[in-house]
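Please keep the sequence and the structure in view while reading.

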Amino acid sequence: MNTLEHLFKKNRAWAESINQQDPEFFTRLSKLQAPEYLWIGCSDSRVPSNELIDLAPGEVFVHRNIANMVVHTDLNCLSVIQYAVDVLKVKHIIVCGHYGCGGIKAALDDQDHGLIDNWLGHIKDVGRLNESALSGLNPGEKIDRLCELNIIEQVSNVCKSSIVKNAWQRGAELSIHGWIYNIENGILNDIIKTPISGLEQT
Ligand code: CO
């Protein structure tokens, strides 16, 4: 017996409702994937990429990991960026973090979290790089500020990747954005007001 039968039921109902609204939807999508956006976000279940910008399947290419990190040696993330930029030719890469991020909180405490501490080390590096901006803040403010600073840092990592630098070199139309999501009210805000769109700005 499939104990997740309710999820299959929900899937059938979802596919049916889309078919009713747009009978060609799945046929069209099965032939072509042409998203304009790459979303690099946190794995947090409360921050679902497509839903919160109200986009349908096929419209956003997505990579998610704990605390929306872009680590220079992470082949998983880099492969997603390369495919998105070189093959899908997305026009925008959005790094989206969120307030109250568990990964950021964990990076700021001194506890042992097991294996994940190796991943959190990258966030701790961001904290060290921004020590002066974080000093003097109370614990709650510190978490929120590090959530913001981490996005800025990961945007910078995207810009410094060979993939994005090469794309700009050949004149590709590609902008990098840093956004933050508030899980308490569902609202997105832009952290980097002017998107980065060329080598001269990195
Ligand atoms: Co998070």
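The protein chain exposes about 11,500 Å², and carbon and sulfur atoms supply 52% of that area. The model is predicted, and in it 39% of the 202 residues of the protein chain count as buried.

**Overall architecture**
- The protein chain holds nine helices and five strands, which follow one another from the N terminus in the order α-α-β-α-β-α-β-α-α-α-α-α-β-β.
- Taken along the principal axes, the box filled by the C-alpha atoms of the protein chain is roughly 55 × 50 × 30 Å.
- Among contacts in the protein chain with a separation of 6 or more, 60% are between residues 24 or more positions apart.

**Nonpolar cores**
- The largest nonpolar core has 43 residues, and those with the most contacts inside it are Leu 38, Ile 81, Ile 93, Leu 174 and Ile 176.
- At least two residues of this core come from each of several elements, including the strands β1 (37–42), β3 (92–98) and β4 (175–182) and the helices α4 (75–87) and α8 (139–160); α8 gives the most, with eight residues.
- Leaving aside residues up to four places away in sequence, Ile 81 touches Leu 38, Ile 40, Val 70, Ile 93, Ile 163 and Val 164.
- A second, separate core has eight residues, among them Val 47, Leu 52, Trp 179 and Tyr 181.

Technical notes. Residues are numbered from 1 along each chain as its sequence is written. This is a predicted model: local features need pLDDT of at least 70, side-chain atom pairs count only at pLDDT 80 or more; totals for chains, interfaces and linings use all residues. Side-chain values use heavy atoms; hydrogens and water are left out. A nonpolar core is a set of buried Ala, Val, Leu, Ile, Met, Phe, Trp, Tyr and Cys residues joined through side-chain atoms within 4.5 Å. Buried means under 20% relative accessible area, exposed over 50%, partly exposed in between (1.4 Å probe, protein chains only). Helices (H or I, at least four residues) and strands (E, at least two) are DSSP runs, numbered from the N terminus. Contact means heavy atoms within 4.5 Å. Accessible areas come from the Shrake-Rupley method with a 1.4 Å probe; for residues, only the protein chains shown count as cover.
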